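The sequence and the model are shown below.

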Amino acid sequence: MNKMRLLQEHNRTFINWFRQTIFADDNASMTLKLLVVGPNLNVPTWKGYDINHCSFYRKSQDEKSSVHNSGVSVDEHSDHFCSASDNNMIQASMPYYGVNEDIWELDYGEFIVPLFKCQWVNGNIKVRQDKIGFTLVDLQKVGYNDNLFIMVVQARQVFYV
């Protein structure tokens with residue numbers, strides 16, 4: 001099996017392996033056990049969220065205001081292959097830009113994980129730099145619908161007009 005297929009198989013089977021491993025390990029931490037069990041199914045949502053001296057709002061809240069605080073950006077790091085037969089994996093970092101659609105708090109009993117549900121811009125065609133270095137993003141051209149959530153601590157605030 002080449003490295004690309006191995007990575008795909010790892011991604012496909014990780015959740016089941018993780019559950020089985022944690023349930024079988026009497027010495028697993030309480031945090032890992034709570035993650036395996038999953039969060040409370042009653043998920044509170046918020047109109048805004050303050051973190052790291054920044055206030056983030058949902059897009060629907062921004063539409064009522066002249067100040068827009070729903071823009072988010074996150075840098076994602078991942079492994080890539082040029083083709084299915086390529087065995088030379090490279091690590092890449094790519095910025096993603098989008099709008100915060102909703103704010104959730106997952107409650108695991110002993111800790112809470114706040115998440116942003118984002119609508120992401122298709123970065124391959126609608127993100128560019130202007131002459132003085134500002135990043136220009138077309139918020140009408142969405143993409144990446146299979147990965148909507150980021151942890152609030154990952155988000156960088158982006159302002160838009």
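Leaving aside its neighbours within four places in sequence, which residues is M89 in contact with? They are L7, D79, H80 and F81, where contact means heavy atoms within 4.5 Å. The model is predicted: local features need pLDDT of at least 70, side-chain atom pairs count only at pLDDT 80 or more, and totals for chains, interfaces and linings use all residues. Residues are numbered from 1 along each chain as its sequence is written, and side-chain values use heavy atoms, with hydrogens and water left out.

M89 lies in the loop between strand 4 (71–80) and strand 5 (90–107); strands (E, at least two residues) and helices (H or I, at least four) are DSSP runs, numbered from the N terminus. M89 has a relative accessible area of 40% and is partly exposed, that is, between buried (under 20%) and exposed (over 50%), with a 1.4 Å probe and protein chains only. From K3, M89 is 86 residues away in sequence and 7.5 Å away in space, C-alpha to C-alpha.

In helix 1, M4, F18 and I22 are buried, and helix 2 is included in what covers the buried residues of helix 1.

| Helix | Range | Residues in the contact |
|---|---|---|
| Helix 1 | residues 3–24 | F18, R19, I22 and F23 |
| Helix 2 | residues 30–37 | L32, K33 and V36 |

The contact residues divide into 5 nonpolar, no polar and 2 charged; here Ala, Val, Leu, Ile, Met, Phe, Trp, Tyr, Cys and Pro count as nonpolar, Asp, Glu, Lys and Arg as charged, and the others, Gly among them, as polar.

Definitions and conventions:
Axes fitted to C-alpha atoms, helices over the stretch in contact; angles between N-to-C directions.
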